[in-house]
Each structure stands twice: as structure tokens, then as C-alpha cells.
Amino acid sequence: MKFVVLLLLIWVNDPNDIALINAYKADAEQSFLAEDFSQAVSQYKFLMDSLNVNEDAIHLNLGHAYHQIGDTAQARTAYNQATLSSNTALKSIAYQQLGVISKSNENLKESLTYLKASIKANPANSDAKYDFELVKKLMQENKEDQEDKEDQEDKEDQEDKEDQE
């Protein structure tokens, strides 16, 4: 019986496939470290699409590579997939990156939501805490700027009324 299980495992997990997958993972990582992000995207996509590798770390790294080449739509897709991870540290990073993308798109409320999720997933993520505080501060500044602008408009309206009388 043990022999049958062993044969079944070997048949399902061909050692050649595992070696190929590991080689592509290493190549993708090397491309990323060499800052050849387009090549890294191609290699991570090959791992997922052609070799059927569905690993959380690959989704996260694919998101990083897309983000580096400026494709935030694809980066969001990859990061969203990584947020489904059971690895809390990885999940936290994915949420944090979604928060960073939202912040750069000036969607501060959405950014804050993602950063809260990041901290909830991993309270030890000090970078997410920093980003959270930064976004909160930006939101407060924007609120104050908006109030100042409204006050200025009210003052100008009042002056216009006085000039017309």
C-alpha cells in the first residue's frame, strides 16, 4: 500500500516539473532583483499560467513587479489575490501595498481602509502603521484645506454682496 501511495505521489509531482518550477522561481527573483520588472512579470505569469503554480508569494511578487512598471491595475489584481493568503505577514504586505496604490491615486479613504486591514492582519507591520498615520495626517490636512477654501469662498461671496449693494 505504501508503495502505491509513493508511486502516486511521484506521478502527481513529477520531479522534473518541480525542478522547472524552482528554476523559474529563481529566474523571476533574479529578474526582479536586477530591476528587470517586465521580465519578472513574464516569468511570474508563466509560473502561474503555464505551470499552474498558485502560491501566495508569487501573487505578491507579481504585484510588486507590476507596481514597479507602473501597471497599478494589474498590481491591484495580484495584491488582491495575495490578501487571500493564510500567511498573515504576506497578507499584511498585500493590504499595505493596496493602501499605497490608493494613496498614490489620492483615494485616501480607501487607502486608510487597506492600511487598517494590513495592521489587523499583522500588528507588527511597522511600515503599515507609519503609512496609516501618514494617510490620516493627509486626510486631516485635506479637511483643513477644504474648510479654509470654503471660508475663503464665503468671504468672497460676502464681499461680492456688499459691493453690489
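1. Contact between α4 and α5. In this predicted model, one side of the helix pair consists of Asp56, His59, Leu60, Leu62, Gly63, His64, Tyr66 and His67 from α4, which meet Thr72, Gln74, Ala75, Ala78, Tyr79, Gln81 and Ala82 from α5.

2. Geometry of the pair. Two packed helices are described by the angle between their axes and the distance between the axes. Helix α4 covers residues 56-68 and helix α5 covers residues 72-82; they pack at about 160°, and their axes lie 8 Å apart. Because angles over 145 degrees count as roughly antiparallel, α4 is roughly antiparallel to α5. The crossing of α4 and α5 is left-handed.

3. Lysine 45. This residue is located in helix α3, residues 37-49. Its relative accessible area is 28%, so lysine 45 is classed as partly exposed. Apart from neighbours within four places in sequence, lysine 45 has contacts with Ser50, Leu62 and Tyr66. Leu62 and Tyr66 also belong to the α4 side of the contact with α5. Between the C-alpha atoms of lysine 45 and histidine 59 there is a separation of 9.2 Å, and the two residues are 14 residues apart along the chain.

4. The chain as a whole. The protein chain contains eight helices and zero strands. Of its 165 residues, 30% are buried. Among contacts between residues at least 6 apart in sequence, 45% join residues at least 24 apart.

5. Surface. The protein chain exposes about 11,000 Å², of which carbon and sulfur atoms supply 49%.

Note on methods
Residues are numbered from 1 along each chain as its sequence is written. This is a predicted model: local features need pLDDT of at least 70, side-chain atom pairs count only at pLDDT 80 or more; totals for chains, interfaces and linings use all residues. Side-chain values use heavy atoms; hydrogens and water are left out. Axes are lines fitted to C-alpha atoms, for helices over the stretch in contact, and angles run from 0 to 180 degrees between N-to-C directions. Helices (H or I, at least four residues) and strands (E, at least two) are DSSP runs, numbered from the N terminus. Angles under 35 degrees count as roughly parallel, over 145 as roughly antiparallel, 65 to 115 as roughly perpendicular and the rest as oblique. A crossing is left-handed if the near helix is turned anticlockwise from the far one by less than a right angle, and right-handed if clockwise. Contact means heavy atoms within 4.5 Å. Buried means under 20% relative accessible area, exposed over 50%, partly exposed in between (1.4 Å probe, protein chains only). Accessible areas come from the Shrake-Rupley method with a 1.4 Å probe; for residues, only the protein chains shown count as cover.
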